[in-house]
Amino acid sequence: MIRSPLLARKYAKALYDATNGKADLTGLATAAKTNPAELARPGMSRADLNVLVGGEPKSPEIRNFLGILLRRKRLRLLPEILDMYELIAEEAVGVKRATVTSATQIDAAGRARLETTLAALHSAKSIKLDVDVRPEMIGGIMIRVGDQLVDGSVKSVLEDFRSRF
């Protein structure tokens, strides 16, 4: 969950621009996500950081970036920054993310239809679909792509009907 999306996006965009979107951040991402509490530890040195992330990064851009985060005491944002970096990289190649919430599991054929339809509606090369099952919805579906939400759930229709009468 991203707690500081604006700041994380700012740093992620800077990292993306500095590396031309070609940085291999898998090792760094794994280290950052397995030790988030360590990243927030006050008084962390560059040597401590290198141990935490599995050694000094080979890329000078990533080394400098981590140094900036360390000096500005923003290392705790690293997992969020890396998530945002991934989103920015996906956006650059035309991939969008969508979250579909439904009362029941969506089968593979339904999932494929949703991905194709959403890609066409949102002018994307492809859609990365996350499915969230919530039985309390009763039925229907909610779709979120970016900041756009389409709520076609039975629960929201019933609540809307109840508020009108």
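How much of the accessible surface of the protein chain belongs to carbon and sulfur atoms? The share is 55%, out of about 10300 Å². The notes below concern a predicted model.

1. **Overall build.** The protein chain has eight helices and four strands. Along the sequence they run α-α-α-α-α-α-β-α-β-β-β-α.

2. **Dimensions.** The radius of gyration is 20 Å, whereas a compact globule of 165 residues would come out near 15 Å. Along the principal axes, the C-alpha atoms fill a box of roughly 60 × 35 × 25 Å. Of the 165 residues, 35% count as buried. Among contacts with a separation of 6 or more, 67% join residues 24 or more positions apart.

3. **Main core.** The largest nonpolar core has 29 residues. Leu25, Leu28, Leu69, Leu78 and Ile81 have the most contacts inside it. At least two residues come from each of helix 1 (5–19), helix 2 (26–34), helix 4 (46–52), helix 5 (60–71) and helix 6 (78–92). Helix 6 gives the most, with six residues.

4. Another core, of 11 residues, lies apart from the largest one. Val100, Ile106, Leu118 and Ala119 are among its members.

5. **Leucine 28.** Beyond its neighbours within four places in sequence, leucine 28 is in contact with Val53, Ile62, Leu66, Leu78 and Leu82.

6. The structure holds 13 salt bridges. In one of them, lysine 33 pairs with aspartate 83, with the closest N and O atoms 2.6 Å apart. Lysine 33 lies in helix 2 and aspartate 83 in helix 6, so the pair ties together parts 50 residues apart in sequence. Both ends are partly exposed: lysine 33 at 43% relative accessibility, aspartate 83 at 24%.

7. **Other charged pairs.** Arginine 41 and aspartate 48 meet at 3.7 Å, N to O. Arginine 41 has a relative accessible area of 34%; aspartate 48 has 30%. Aspartate 160 bridges to arginine 164 at 3.3 Å. These two both lie in helix 8, four residues apart, about one turn of the helix. Aspartate 160 is partly exposed at 36%, while arginine 164 is exposed at 62%. Glu86, Glu90, Arg97 and Lys128 are linked in a network of salt bridges.

8. **Nonpolar surface.** Ile138, Val154 and Leu158 make a nonpolar surface patch of about 250 Å². Valine 154 lies in helix 8 (residues 154–164). Its relative accessible area is 33%, so valine 154 counts as partly exposed.

Note on methods: Residues numbered from 1 in each chain as written. Predicted model: local features only at pLDDT ≥ 70, side-chain atom pairs only at ≥ 80, totals over all residues. Heavy atoms only, no water. Core = buried A, V, L, I, M, F, W, Y, C linked by side-chain atoms within 4.5 Å. Buried < 20%, exposed > 50% of the residue type's maximum accessible area, 1.4 Å probe, protein only. Contact = heavy atoms within 4.5 Å. Patch = residues over 30% accessible without salt bridge, like charges linked within 9 Å, V, L, I, M, F, W, Y side chains within 5 Å. Areas by Shrake-Rupley, 256 points an atom, 1.4 Å probe, with all protein chains shown as cover. Salt bridge = Lys/Arg side-chain N within 4 Å of Asp/Glu carboxyl O. Rg over C-alpha atoms; globule rule 2.2 N^0.38 Å.
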